[in-house]
Amino acid sequence: MDYNSVLLKSVCEMVLEQIAFLFSESAEERVDISGDDWYYGTMEFCGPLLGTMQIATRYQLSRLLAANMLGVEPEEEQSVRCAGDAVKELLNIVCGRFLTEAFGEDTVFTLSAPDVFTKSSTFITETMYENAVCIKVEQEILLIMVRLTG
């Protein structure tokens with residue numbers, strides 16, 4: 001695992017704990033991601049380097065993330081309705097924190113607004129599975145990756 005992946009994993013785990021009270025562990029082996037549809041989030045940033053950050057979670061983890069952020073139960077309508085927004089917020093916070101940790105507080109980046117889409121496991125496999133950091137959260141999988149250019 002390269003430096004950016006190690007840092008991204010660390011930042012993501014810290015943010016999950018701080019904003020959603022979710023504790024994670026490393027998914028040491030590649031896991032089967034077939035089956036359910038996923039929330040797939042992406043955002044761009046520019047500064048000294050250009051890049052994108054992408055995240056993918058199954059619906060169940062997205063609902064749990066929303067519920068914990070909102071202080072409601074995962075089965076409640078509010079957590080179902082806000083699951084995509086919770087993924088966006090997680091992506092936004094992780095991206096900002098990652099860039100600060102990687103490049104320092106004095107380095108300025110402009111972040112785009114995160115977008116979240118519903119995607120199939122086939123799309124996730126083709127788009128990001130091989131290069132993503134895989135984190136296990138509450139027996140569910142979260143995939144996250146960063147691409148830096150320039």
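1. Basis. The model is predicted; local features need pLDDT of at least 70, side-chain atom pairs count only at pLDDT 80 or more, and totals for chains, interfaces and linings use all residues. Residues are numbered from 1 along each chain as its sequence is written, and side-chain values use heavy atoms, with hydrogens and water left out.

2. Fold. The protein chain has 5 helices and 7 strands. Their order along the sequence is α-β-β-β-α-α-α-β-β-α-β-β. Both kinds of element are DSSP runs, numbered from the N terminus: helices are H or I with at least four residues, strands are E with at least two.

3. Of the 150 residues, 43% are buried. Buried means under 20% relative accessible area, exposed over 50%, and partly exposed in between (1.4 Å probe, protein chains only).

4. Aromatic pairs. The whole structure holds 4 aromatic pairs. One of them joins Tyr 40 and Phe 123, edge-to-face, with 5.0 Å centre to centre and 80° between the planes. This pair links distant parts of the chain: Tyr 40 is in strand E2 (residues 38-46) and Phe 123 in helix H5 (residues 121-129), 83 residues apart. Tyr 40 is buried at 6% relative accessible area; Phe 123 is partly exposed at 26%. Another pair, Phe 103 with Phe 109, is tilted, at 5.3 Å centre to centre and 50° between the planes. Rings of Phe, Tyr and Trp (its six-membered ring) pair if their centres lie within 6.5 Å; planes under 30 degrees apart are stacked, over 60 edge-to-face, the rest tilted.

5. Cluster. Phe 45, Phe 103 and Phe 109 form one aromatic cluster. Phe 103 is partly exposed at 28%, while Phe 109 is buried at 15%.

6. Lys 119. Its charged end sits over the ring of Phe 117, 5.6 Å from the centre. Lys 119 also lies over the face of Phe 123, at 4.5 Å from the ring centre. The test asks for NZ of Lys or CZ of Arg within 6 Å of the ring centre and within 35 degrees of the ring normal.

7. Arg 58. This residue is in strand E3 (residues 50-58). Arg 58 counts as buried, at 12% relative accessibility. Beyond its neighbours within four places in sequence, its contacts (heavy atoms within 4.5 Å) include Asp 32, Asp 36, Asp 37 and Glu 140.
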